[in-house]
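Hi everyone, thanks for coming. Let me put today's model up on the screen, and then we'll walk through some aromatic rings together.

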Amino acid sequence: MTLAIVLAADPAAGHLTEPGRPAGEPLTERLAAQWRRAGADDVRIAADLTELADLVAAATGPVLVSGADLVAHTAVLKHLATSPVGPTVALVLTDPPAPGQATVREERGQVVEVDAVDATGVFGGALRVGAADLPALADAARRAAGAAPDAPDARLTDPASAPEVGAADGGPRNAVDRLVADLAARGTLIFAQRVRLLVAHRVGDEAQRDAAEAAVAAVDEDRAELKLSVKERDDFFTTFFVSTWSPYVTKAAARIGIGPTGVTMVSVAFAVAAAVLFGVGGRPALVAGAVLLYLGFVLDCVDGQLARYTRHFSAWGGWLDTMADRFKEYVVYAGLGFGATHAGFRYGWALALAAMTLQTVRHMTDTWYGALHDEAARRPKVVSADAGGIGGKLNAASTRVQADTGSVSYWLKRTVVFPIGERWALIAIAAALFGPLVALVAVLVWGTLAFAYTGGLRTLRARWMRVPVMATVDAGLHRDDGLLARTLPTARRPLLLAVLGALGSAGTLVWALLAVHGGGDLPVFVPVLALVLLLGAAQASRAPHDGSLDWLVPAALRAAEYLFAIAVGVAGRAPAWLIFGYVLVLTLHHYDLTARLEKRQSAPPLHAATLGWPGRSLLLAIGLIAGYASIALATLGAYLLVVFVASVVLAWVVLPARARGGVRSPG
């Protein structure tokens, strides 16, 4: 249940009245009604911070808090209440701050500092606090009311820097601003909710209220919400060839009652159909496949736009969208690989495998670099000794380019990294004009160049930031080590060992390809040596991952496992489609882990049953040495697929149903 509290302790509460209502009726009543329309289950008006603290202490779900000086579209409050970015979210405005209002500094969508010298916005007088942060909110309210014990943070006990005092103007701080300042001082992770296209202002007198009311009335709320469903910053192809017309599809889907999950499934069907047509070959089938692939990508954008437009967010929907995107892309690679092979190219499946492996490793670096950047934003800024070095200069240059929205350099930077829109556009155009083989080669060439570009720059910037992001999470879980790794002796240098494991797998694959091409067999000592290197990498499972480049460890381990599995399949002369299918199942398992990392969720229910990458690699090596590589790939792949499906059902159907006391499908 969501509780909304309008705090009537601010100066505005006593004199701002609602037009058409009895004289003297406070604006708090209007805000209370808006919170109800925004979806709050229970709405209360708290006379002061002490009453607010008591209400928060009794709450069991998210709490919405606003001051009495906010004039805004109801949609602004609804967006704050339903924001999918984090448990605790603060409204941030671009208005100049008034006396008593807190200014904030944001980085990567997070409020990293309150009353900063280099502020990027002003607190909008409203916030949503997640259930885990409610004790901190209640304590902050009691402290601001003067009834709390000493705080652990010196900033909260030093009278000279207490959060209830205005920072910039030295005047008394508004009550709701005291709360957000206190939460930020405690290190609470607060995300920023910006207002775009809609209107929200904090007002201090009747003249400001009249002006704010006029601004609200001048904006068509529904039209603005439809525009807001499109991402503020997207990639070149998506911005100019999809988002120019996809909102009309979004509006139509909302009218006929199709949900985001339904749109996602239709998008999957389009991608599968395109893959089949690419496999069939022939110019009409290739052109039709390209059209379906484009329409499937449009629907891939529409599902997110529909979720934002209707405010129907869920952990299940976010997870499904991530998993569906990767499944669709890799099914298309399979179709292209089959089509190239069918057209007479011997190594069509090999190219498809290479494209899938490359893209997965790239995505792993994207995920962990994003986590690295988020962690860096949360940490206090420290002037580095090499602030003027290449890492610092690259960071400053990247910031300037990103801020110059719409410039040539901005679009080049967003395009050169080869995002999903550009990948799908390249596949569709190359397949329609030249065929599956050219499409796969084009994806591999651009993908490799993009990987080299982003990898090099990110490595330099990461060395400059010096943030041990892997040390802040369960490294064993995201390494996907399993039981075998935990039984091995501990070794340090996790990145070095992971890279050595990947190089050993790559060397084994090259040797296997040469041996099979020459009509011979892979010597037994080669996979054994590669396995020794892999198990050496597994020894770092329990070692500290506190290096500035250890965020690369998961990607290196994914490369090591995939290349070893492919080498086993090649050396054992397994069918190419079987090797592709096995690696595809592995990617689903690993994308499940990264999706949970991005959504801040726990491990999959059956994660231990997946055996870990060292255990899986050991079983494949035994199968190869015994002469049953194909059987090992097929059996282990089928087992992992069953475990994955069972884990999905448990995570999204069975366990939530038990928590609710009933049975219901995720939606």
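Let's start with a question: is Phe241 buried, partly exposed or exposed? Phe241 is partly exposed, with a relative accessible area of 44%; here buried means under 20%, exposed over 50%, and partly exposed in between, with a 1.4 Å probe and protein chains only. Phe237, by contrast, is buried at 15%.

A word on the ground rules. This is a predicted model, where local features need pLDDT of at least 70 and side-chain atom pairs count only at pLDDT 80 or more, while totals for chains, interfaces and linings use all residues. Residues are numbered from 1 along each chain as its sequence is written, and side-chain values use heavy atoms, leaving out hydrogens and water.

Back to the rings. The whole structure holds 21 aromatic pairs, meaning Phe, Tyr or Trp rings (six-membered ring for Trp) with centres within 6.5 Å; planes under 30 degrees apart are stacked, over 60 edge-to-face, the rest tilted. Phe237 and Phe241 are stacked, 5.3 Å centre to centre with 20 degrees between the planes. They sit four residues apart in helix H9 (residues 236-241), so about one helical turn separates them; helices are DSSP runs of H or I, at least four residues, numbered from the N terminus.

Phe237 also pairs with Phe297, this time tilted, at 6.2 Å and 40 degrees. That pair links distant parts of the chain, as Phe297 lies in helix H12 (residues 283-310), 60 residues apart from Phe237. Both Phe237 and Phe297 are buried.

Finally, ring pairs join these residues into a cluster whose members include Trp245, Tyr294 and Trp424.

Terms used:
Helices (H or I, at least four residues) and strands (E, at least two) are DSSP runs, numbered from the N terminus.
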